[in-house]
Amino acid sequence: MDHLAALLDGPRARGAFLLRSLLDPPWSLRVQDEAPLTLAALVRGAAWVVPDGREPVRLAPGDVALMRGPEPYTVADDPATPPQIVIHPGQRCTTLDGEALYQSMELGVRTWGNDPEGATVLITGTYQVQGEISRRLLEALPPLLVQSGGPVIGLLGAEIVRDEPGQEVVLDRLLDLLLISTLRSWLADNDAPAWYRAQSDPIVGRALRMLHNNPAHAWTVASLAAAVGVSRASLARRFTDLVGEPPMAFLTDWRLALAADLLREPDATIGSVARRVGYGSSFALSAAFKRVRGISPQEHRAGVAG
């Protein structure tokens, strides 16, 4: 498993918010829902994303915009159009004065807008819970990026208006596919983070895959170096140069990210999570968790539940 696959193999969309918007100008949506990550795919028409304090970015049909929360932003037919509608946490939709709007603008299955024949068709998908495994990926993303969405947009557009058994699962998986394809395209076209570039290195890339595939193993720099066929010093130097941190620091961060996500599972105990991520006891995991993250596993779990 490569690092991008490992980062995306944690929390997936589960009952994600998905909506098709049919809009006729002038329209402007002020989004302040605080979602960790939102995708907006333009099917037809024109739209602009206007981040607070930054230059507006125009979307063309077939484009996907990724907005990293929780900072607010505006999506509009034109950057000069003042906001008319506010999207709040929980996807509650109101006028600027707080009047609820969703029902009055409902146009069908997962469809909403100001005109059923609207010139602009926009599909929005929101990841409403931030998984700890994805933290490293989210931190590498800019607040806004735009890429071509490819054929997945057409598939999502066809499925979003259907109301069939199991449709929620189908839509979640299509949203995940659109996210992954957009991220791969962006990473290939831009100055990718060090951990992504390191995957292509014949030595460090192998070491990363071993750490990802078996985090519970009792790795040392020496055992990892032997597994990839180089000296301990050579691996330590090369790994740090390419990834930006030593192998064991990377492994600790990866284990604790896995642990943080596993602690979301209601039946998981701290002891069982500790064994799955390479710590010999609940005490050892708790000590590492507190040292690196500043809170105990119990406090983390309570925060997630809250």
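Please keep in mind that the model is predicted.

Let's begin inside. In soluble globular proteins, nonpolar side chains tend to be buried together. Here, the largest nonpolar core counts 27 residues, and L39, L66 and L178 have the most contacts inside it. Several elements each supply at least two residues of this core: strand 3 (37-44), strand 6 (63-68) and strand 12 (120-127), along with helix 2 (135-140), helix 3 (152-159) and helix 4 (167-189). Helix 4 gives the most, with eight residues.

If you leave aside its neighbours within four places in sequence, L39 is in contact with V64, A65 and L66, with I123, T124, G125 and Y127, and with L175, L178 and L179. There is also a second, separate core, made of 23 residues, and F17, L42, M67 and V75 are among them.

Six strands form an open sheet in the order 5-4-7-2-8-9, and their pairing is mixed. Which strands stand at the edges? They are strand 5 (57-59) and strand 9 (92-95); each has a single partner strand, so one side of each is left without a neighbour in the sheet. On average, neighbouring strands of this sheet are turned by 25 degrees against each other, direction ignored. For a look at one pairing, take strand 4 (residues 47-51) and strand 7 (residues 73-76), which run in the antiparallel sense and are joined over four bridges. In this part of the sheet, P51 stands opposite Y73 of strand 7.

Now for the aromatic rings. A pair of aromatic rings is described by the distance of the centres and the angle of the planes. The count for this model comes to one aromatic pair. Its members are F239 and F250, whose ring centres are 5.8 Å apart; their planes stand at 70 degrees, and because planes over 60 degrees apart count as edge-to-face, the pair is edge-to-face. F239 belongs to helix 8 (residues 232-243) and F250 to helix 9 (residues 247-262), so the pair ties together parts that are eleven residues apart in sequence.

The charged end of R255 sits over the ring of Y279, 5.9 Å from the ring's centre. Likewise, R293 has its charged end over the ring of F289, at 5.4 Å from the centre.

How values were computed:
Residues are numbered from 1 along each chain as its sequence is written. This is a predicted model: local features need pLDDT of at least 70, side-chain atom pairs count only at pLDDT 80 or more; totals for chains, interfaces and linings use all residues. Side-chain values use heavy atoms; hydrogens and water are left out. A nonpolar core is a set of buried Ala, Val, Leu, Ile, Met, Phe, Trp, Tyr and Cys residues joined through side-chain atoms within 4.5 Å. Buried means under 20% relative accessible area, exposed over 50%, partly exposed in between (1.4 Å probe, protein chains only). Contact means heavy atoms within 4.5 Å. Two strands pair if DSSP finds at least two bridges between them. Axes are lines fitted to C-alpha atoms, for helices over the stretch in contact, and angles run from 0 to 180 degrees between N-to-C directions. Rings of Phe, Tyr and Trp (its six-membered ring) pair if their centres lie within 6.5 Å; planes under 30 degrees apart count as stacked, over 60 as edge-to-face and the rest as tilted. A charge sits over a ring if NZ of Lys or CZ of Arg is within 6 Å of the ring centre and within 35 degrees of the ring normal.
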